[in-house]
Amino acid sequence: MKHNIIRGSIVALVTPFLPNGEVNYDKLGELVDFHLENQTDALLILGTTGESSTMSHEEDDEVCRYVVKRVAKRIPVIAGSGSNSTQTMLEKSKSFETIGVDGLLLITPYYNKTNEEGMYLHFKTVADAVSIPCILYNVPGRTGCAISENSVCRLAQHPNIIGIKEASGDITYAAKIARHLSEDFVMYSGNDDMIVSMMSLGCAGVISVLANVLPKETHDMVFDYLNGDMEKAKEAQLRYLDLVGALFAEVNPIPVKEALNLMGMEVGGYRLPLTAPTQATRERLKKAMKEAGLL
């Protein structure tokens, strides 16, 4: 086996901010502790949900240092090092590896996009340069480009590439990728409304926004399925469907940070261009959270 494979619920962690917009490290520590106490299987920091696109490289490094120290190897820490510049992604990936993260999430080259060979080399360049496991990130709704099945097949052979976060929402594409899964290359659902559907195609778990507010429940949903209780997993998926819908009523992570604030977690606001949700979104969130027992 190339690397140890993470199975279960990987939370796409929010980055809490102070009123002045700086990272709130005390609150970040509380969030880490919350997930350690509630059976989250791994942390993904500096992803889309972590608002990494509005953070400086210095902040990225400091968040990695803080979380790695706080977690102290109790669960894996994965850092989003992606960029539309391959060179920037390479530099960030090497820096995060030196800091001590356990894995990397690598996104497709958004905006500038690329051709098939460029897509392959974008990921291979980083995987060649690090020794920690890398997870590909396919989210064409965000990036405007997708990883082809052929490129996934090629990249799956790389000893440092252990999986793909599949967030296209396209079950046919996911099924095609599932044909290339093995004990060394796994798939993670990138959509909280499709966890059980994706598990039926062989997913090892989920990289989840929902887990920010329901960490134990998301962990349980995945492991109920993995342990053969598919009916219980399906019931949980359907039970939280309205909540998942509310968490994506506006662009992520606007609703999930609002939800955490409604829970009293005090994760703060956003960095522009993200801003507070509409009143309609707040009311939809409150209703769904009450039905889910969170309020």
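Pro 253 sits in the loop between α11 (241-247) and α12 (254-262), and the peptide bond that joins Asn 252 to Pro 253 is cis, with omega about 10°. The model is predicted. The protein chain contains 13 helices and 8 strands.

**Backbone geometry in the loops**

- A cis peptide bond also runs from Leu 272 to Pro 273, with omega near 15°.
- Pro 273 is placed in the loop between α12 and α13 (279-291).
- That loop between α12 and α13 also holds Glu 266, which has a positive phi of about 55° although it is not a glycine.
- Glu 266 counts as exposed because its relative accessible area is 54%, and the cut-off for exposed is over 50%.
- Glu 51, in the loop between β2 and α2, is not a glycine either and has a positive phi of about 55°.
- Glu 51 counts as buried because its relative accessible area is 3%, where buried means under 20%.
- Gln 39, which follows α1, has a positive phi near 70°.

**Overall dimensions**

- For 295 residues, a compact globule would have a radius of gyration near 19 Å; the protein chain has 18 Å, so the value agrees with that expectation.
- Taken along the principal axes, the C-alpha atoms of the protein chain fill a box of roughly 45 × 45 × 35 Å.
- Of the 295 residues in the protein chain, 55% are buried.
- When contacts between residues at least 6 apart in sequence are considered, 70% of them join residues at least 24 apart.

**Helix α1**

- Helix α1 covers residues 25-37, which is 13 residues; at 1.5 Å a residue it should span 18 Å, and its end C-alpha atoms are 18 Å apart, so the two values agree.
- At the start of α1, a side-chain oxygen of Asn 24 comes within 3.4 Å of the backbone nitrogen of Asp 26.
- The buried residues of α1 are Lys 27, Leu 28, Gly 29, Leu 31, Val 32, Phe 34 and His 35.
- The elements that cover these buried residues include β1 (8-12), β2 (42-45), α2 (57-71) and α9 (215-226).
- Tyr 25 belongs to helix α1 and is partly exposed, with a relative accessible area of 23%.
- Apart from neighbours within four places in sequence, Tyr 25 is in contact with Glu 59, Glu 62, Val 63 and Tyr 66.

**Strand β3 and its neighbours**

- Strand β3 (residues 77-80) is covered on both faces, with Val 77 and Ala 79 buried on one side and Ile 78 and Gly 80 buried on the other.
- β2 pairs with β3 in the parallel sense over 3 bridges, and Ile 45 has Ala 79 of β3 as its bridge partner.
- Together, β2, α2 and β3 form a right-handed β-α-β unit.
- β3 also pairs with strand β4 (residues 103-107), in the parallel sense and over 3 bridges; here Ile 78 has Gly 103 of β4 as its bridge partner.
- A right-handed β-α-β unit is likewise made by β3, helix α3 (residues 86-99) and β4.

**Strand β8 and its neighbours**

- Strand β8 (residues 205-208) has both faces covered: Gly 205 and Ile 207 are buried on one side, and Val 206 and Ser 208 are buried on the other.
- β1 and β8 are paired in the parallel sense over 4 bridges, and the bridge partner of Ile 10 in β8 is Ile 207.
- Strand β7 (residues 186-189) is paired with β8 in the parallel sense over 2 bridges, and the bridge partner of Tyr 188 in β8 is Gly 205.

How values were computed:
Residues numbered from 1 in each chain as written. Predicted model: local features only at pLDDT ≥ 70, side-chain atom pairs only at ≥ 80, totals over all residues. Heavy atoms only, no water. Expected span 1.5 Å × (residues − 1). Buried < 20%, exposed > 50% of the residue type's maximum accessible area, 1.4 Å probe, protein only. Contact = heavy atoms within 4.5 Å. Polar contact = N/O pair within 3.5 Å; in protein donor to acceptor, adjacent residues only side chain to side chain. Pairing = 2+ DSSP bridges. Right-handed = clockwise from strand over helix to strand, strands pointing away. Rg over C-alpha atoms; globule rule 2.2 N^0.38 Å.
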